[in-house]
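The structure is shown first, and the description follows.

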Amino acid sequence: MKINEYKEEIYKCSGCGLCQSVCPVYKILQTECAVSRGKFKLLNSIINQDIKFSKRTLEIMDLCLHCGACSEFCPSDIDAQKIIETAQADMLELGIFDFRKLFFAQVFGNKFYLTVIKFFVILVRNLKILEILSIFKFKRIELLKSFLKINIKPLKKFANVKKEIKVVYFAGCFNNYLNPSCSNAVFKVFDKTNVEIITSSFNCCGLPLKSAGDMETFVKIARTNIDSLPQVFDYLIFDCQSCKNTFLEYSKYLEGDYKIKALELKNKCKSIYEILDIINYEPRKKWKNSVVTCHYPCHTRFTEDKKIMRKIINKISNITFVEAKNADACCGAAGSFLCTHPVLSRKISKNKAKDIIASNAQIVLTSCPSCYLGLKQGLLEQNSNIKVLQLIEFLVL
Ligand code: SF4
Ligand code: SF4
């Protein structure tokens with residue numbers, strides 16, 4: 001079992017309980033199983049062979065958003081996410097897994113399934129199926145409707161600007177297969193700049209598989225994504241923080257030549273906002289007296305991206321920026337968590353929405369499609385009509 005390799009790290013937990021104060025799952029469930037300290041106690045017993053992995057230990061490990069808040073505040077500097085993922089991978093090898101989570105992971109890890117979903121979404125959109133189902137007033141339907149409603153059209157004519165920086169754009173599954181609005185915004189924002197965007201046929205970044213513990217498929221996907229990169233480019237850019245962080249982690253899981261390539265790639269991986277900062281982008285759009293706040297996705301933790309997002313927002317004319325309380329607390333979506341733990345996810349999103357509503361903002365911006373769903377889910381639960389947008393969409397809408 002790979003979890004044995006973390007014996008020393010788990011042992012570093014002093015039991016101080018600081019992780020309790022930041023864990024969104026603990027805030028709702030108020031049980032030791034929810035937080036990393038409790039999970040470590042359990043894993044310690046497994047490593048010492050007092051107990052064995054079981055369906056129940058899986059349920060406990062799955063009570064985690066992988067938000068990283070506990071690691072950020074842990075005085076013993078323990079990487080809880082890596083430990084929890086390793087335990088999940090060990091259990092998958094033993095045949096102990098959550099079918100729903102693995103199902104979502106397999107769907108996202110397979111281009112064929114994603115293409116089928118893409119055509120299904122087009123059908124649902126064109127036949128206005130969600131509008132028809134709206135009569136039942138289900139919040140899940142409202143959530144999907146709001147996500148598909150954001151509709152930034154693709155660029156028809158490209159500006160004639162000299163291009164000096166060549167970037168490869170990793171659009172991610174949400175953009176490629178569910179709603180291309182954010183991708184279209186990326187092309188629009190960079191069109192009049194000196195940045196040339198090139199695309200390639202990538203797979204999913206692999207995060208759903210990594211979270212489900214399916215490391216074998218994750219490694220295969222990481223390799224094909226590296227193989228899909230062109231020979232010459234300046235940066236690999238991402239509109240989703242989660243995809244960027246997953247690429248940054250490839251080197252930890254790959255071996256040989258692929259490890260070397262993944263390590264070389266690290267310096268080239270940038271969020272679209274980092275590139276906008278590099279080129280000193282000046283937003284042209286003027287909004288009318290809007291009060292705006294920002295939700296920083298969990299994957300912006302330990303990065304400069306938060307600061308950069310704020311810097312770009314502060315350059316936009318006519319808006320008032322307000323920082324909401326707990327602006328970097330998890331929104332509750334956490335990829336497949338929204339589907340595998342719907343009740344818990346809704347409660348976490350609802351807590352998040354309370355802080356956004358208290359900020360008196362009219363618009364909340366973010367930089368992750370999954371966070372869009374978490375924020376909207378919480379605001380719908382609170383019957384709030386605060387608008388949710390990706391920052392890149394806000395720049396062109
Ligand atoms: S904050 Fe870190 S050291 Fe403290 S109880 Fe949580 S995991 Fe253990
Ligand atoms: S990663 Fe987030 S949800 Fe998971 S135990 Fe840590 S604080 Fe809680």
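## Ligand surroundings

A residue is taken to be near a molecule if its C-beta atom, placed from the backbone, lies within 6 Å of it. On this basis, ligand 1 in this predicted model is surrounded by 14 residues, of which Cys13, Cys16, Cys19, Arg37 and Cys74 are the closest. By class, the shell around ligand 1 comprises eight nonpolar residues, five polar residues and one charged residue.

Ligand 2 is surrounded by 15 residues, and the closest of these are Cys23, Cys64, Leu65, Cys67 and Cys70. Three elements contribute two or more residues each to this shell: α2 (24-29), α5 (69-73) and α6 (80-93). The shell around ligand 2 contains eleven nonpolar and four polar residues, with no charged residue.

## Domain arrangement

The chain is divided into domain 1, covering residues 2-96, and domain 2, covering residues 283-394. Taken over C-alpha atoms, the centres of domain 1 and domain 2 are separated by 28 Å.

Contact between the domains involves ten residues of domain 1 and eleven residues of domain 2. On the domain 1 side, α2 and α5 are the elements that supply two or more residues, and α2 gives the most, with four. This side of domain 1 consists of six nonpolar, two polar and two charged residues.

## The four-stranded sheet

Four strands form an open sheet in the order β2-β1-β3-β4, and their pairing is parallel. The edge positions are held by β2 (195-199) and β4 (269-271); each has a single partner strand, so one side of each lacks a neighbour in the sheet. Direction ignored, neighbouring strands are turned against each other by 40 degrees on average.

Which strand pairs with β4 in the parallel sense over three bridges? The partner is β3, residues 235-238. Within this region, isoleucine 237 stands opposite lysine 270, a residue of β4. Helix α15 packs on the sheet, where α15 touches β1 (165-170), β3 and β4. The direction of α15 makes about 165 degrees with that of β4.

## Packing of α15 and α16

Two packed helices are described by the angle between their axes and the distance between the axes. For α15 (residues 241-253) and α16 (residues 256-265), the angle is about 145 degrees and the axes are 8 Å apart. The crossing of α15 past α16 is left-handed.

Helix α15 makes this contact through Phe247, Tyr250 and Ser251, and α16 through Lys259, Ala262, Leu263 and Leu265. By class, the contact of α15 with α16 has five nonpolar residues, one polar residue and one charged residue.

Definitions and conventions
Residues are numbered from 1 along each chain as its sequence is written. Chains are lettered from A and ligands numbered from 1 in the order in which they are written. This is a predicted model: local features need pLDDT of at least 70, side-chain atom pairs count only at pLDDT 80 or more; totals for chains, interfaces and linings use all residues. Ala, Val, Leu, Ile, Met, Phe, Trp, Tyr, Cys and Pro count as nonpolar, Asp, Glu, Lys and Arg as charged, and the others, Gly among them, as polar. Axes are lines fitted to C-alpha atoms, for helices over the stretch in contact, and angles run from 0 to 180 degrees between N-to-C directions. A crossing is left-handed if the near helix is turned anticlockwise from the far one by less than a right angle, and right-handed if clockwise. Two residues are in contact if their C-beta atoms, placed from the backbone, lie within 7 Å. Domain bounds come from an automatic or database domain assignment. Two strands pair if DSSP finds at least two bridges between them.
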